[in-house]
Amino acid sequence: MCRTIDLVREEFISFQQLGAGLSASSWVTDLLQNKLSGTPIRAYFVAKTAIWLKHTNPVFSVLPYARNERLFSAQLPFIFEVIITIQYLHNQILDGKSGVTTRERISENMLAANLLKEQLYRYISVKLPRSARNTTLKAVRKCFEQVDQGQYLEQQFNTYQAFDQGHQAWKETLPPAWLDELNLTAVAPFLNKLKADLPAILHVQLDIYFARIYLTCASLFVEASRLLGQLLRVPNNKMKSVLNFSVCYGLMRQLVNDNSDWIPSRFGLSTKTKTAADHFSDLRNGTLTLPTFFLLAEKKDSMLLQFLNKQMRWSAAFEDAAFAEVLSSNALYKSIQNTRILSELALAYLPHDDQAAAYLADSCEIVHWNKFLAPCLNHPAYQVYRKGFYRQRTKRLILQLRKERTALQQTPTSGWWKKVWELTPETPPAVTRITTVLQHHPAGNTH
């Protein structure tokens, strides 16, 4: 990660120099610089996926930009960090995060996002190899469009108010072409498992939620992989597993982020783009996420439901009470465990004998441990949850999935089975087995 970001920071210098006065306008590039001071995951994902895909195409060495290592190790990773930075600038406006609530701050974010976007197009048209410019530009524009569609979906349908009022005709609001692009087949076994755990009244809302987080988060990983596959001329049959992994991986990262939103600000936990004071923004905005679905499944009157029904006002003192309730209801713990199930599905799409894929697999460990989990696992409610039926059964399921995955991923290493694997790489055997296990897993007891 450190090596990747060192290369990306060099691209940031070139990026600044392209715009007259942009380097002096710190308010335009502040957020981007802040992101690049850490080890951003999207740049890392693009760099490692590029290496993984190079290994799948035997004719890569004869491509016009085959020797242009900068394109794949620095330029494309940098481009996708700029895209997500622009998205964050918009998110801060829509969600009221990072203090972007006044007219002045909103105007500043809008102008910064517009200037960064124009500079990004300029960077692509000037700095990238000519043979890669049009394909890259098309992918970048598609990312921006998908995120905007996802933001609209969140505002209009992925809220408690929309659920309470029965607003479910979300598919009619998206262009037909986008519905075709919105392919969640890769996570269908996981979604079916969640629906077995949740009452039927929440199923449409669950579909809306996953469609939204696909458009606003996972699509960035998917389109990055698709762009790399196009530039590296990887055959479509070999791209299927890569794209499916990208879907699972992007959704998994968003679930981790949504789980972390429930941590009170007093813990002082933050990221490069999220302050401690930004926590509980989903609850404050009435946005439905996976923990909220498990909370709603209990069908019990509670303080959190009173707040969602606008029977209570938000205050800083409410944070600890909200945290205690989402833990004592087991809603957050169930969401955390199910995020780990999605990680197993993501890992099943990766080859076991590729070093770049191994690095991507390692980054999936965030579902098992991250700093936002500590307050949850140290809370007295966790000891109660550990003894419960849902936790024990789900843990056994995760261990079974891991056992099936590792056993099958290590099988196609030689002989006739390796030849079968190379001829049919679209659906790895580990994915098929995990799908079967999830299909036969008994329904949960939440309803």
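**Close-up 1. The salt bridge between glutamate 344 and arginine 405.** In this predicted model, the side chains of glutamate 344 and arginine 405 meet in a salt bridge, with N and O 2.8 Å apart. Glutamate 344 belongs to helix H16 (residues 331–348) and arginine 405 to helix H20 (residues 389–409), so the pair ties together parts that are 61 residues apart in sequence. Glutamate 344 is buried, its relative accessible area being 1%. Arginine 405 is also buried, with a value of 9%.

**Close-up 2. The salt bridge between arginine 70 and glutamate 11.** The closest N and O atoms of this pair are 2.7 Å apart. Arginine 70 is partly exposed, with a relative accessible area of 36%, whereas glutamate 11 is buried, at 4%.

**Close-up 3. The salt bridge between lysine 274 and aspartate 261.** The two side chains meet at 3.3 Å, N to O. Both residues lie in the loop between helix H11 (236–260) and helix H12 (281–285), 13 residues apart. Lysine 274 and aspartate 261 are both buried.

**Close-up 4. The packing of helices H1 and H2.** The axes of H1 (residues 2–17) and H2 (residues 26–36) come within 10 Å and cross at roughly 160°. The two helices are therefore roughly antiparallel to each other, and their crossing is left-handed. Ile5, Val8, Arg9, Phe12, Phe15 and Gln16 of H1 meet Thr29, Leu32, Gln33 and Leu36 of H2. By class, this contact has six nonpolar, three polar and one charged residues.

Notes. Residues are numbered from 1 along each chain as its sequence is written. This is a predicted model: local features need pLDDT of at least 70, side-chain atom pairs count only at pLDDT 80 or more; totals for chains, interfaces and linings use all residues. Side-chain values use heavy atoms; hydrogens and water are left out. Axes are lines fitted to C-alpha atoms, for helices over the stretch in contact, and angles run from 0 to 180 degrees between N-to-C directions. Helices (H or I, at least four residues) and strands (E, at least two) are DSSP runs, numbered from the N terminus. Angles under 35 degrees count as roughly parallel, over 145 as roughly antiparallel, 65 to 115 as roughly perpendicular and the rest as oblique. A crossing is left-handed if the near helix is turned anticlockwise from the far one by less than a right angle, and right-handed if clockwise. Contact means heavy atoms within 4.5 Å. Ala, Val, Leu, Ile, Met, Phe, Trp, Tyr, Cys and Pro count as nonpolar, Asp, Glu, Lys and Arg as charged, and the others, Gly among them, as polar. A salt bridge is a side-chain nitrogen of Lys or Arg within 4 Å of a carboxyl oxygen of Asp or Glu. Buried means under 20% relative accessible area, exposed over 50%, partly exposed in between (1.4 Å probe, protein chains only).
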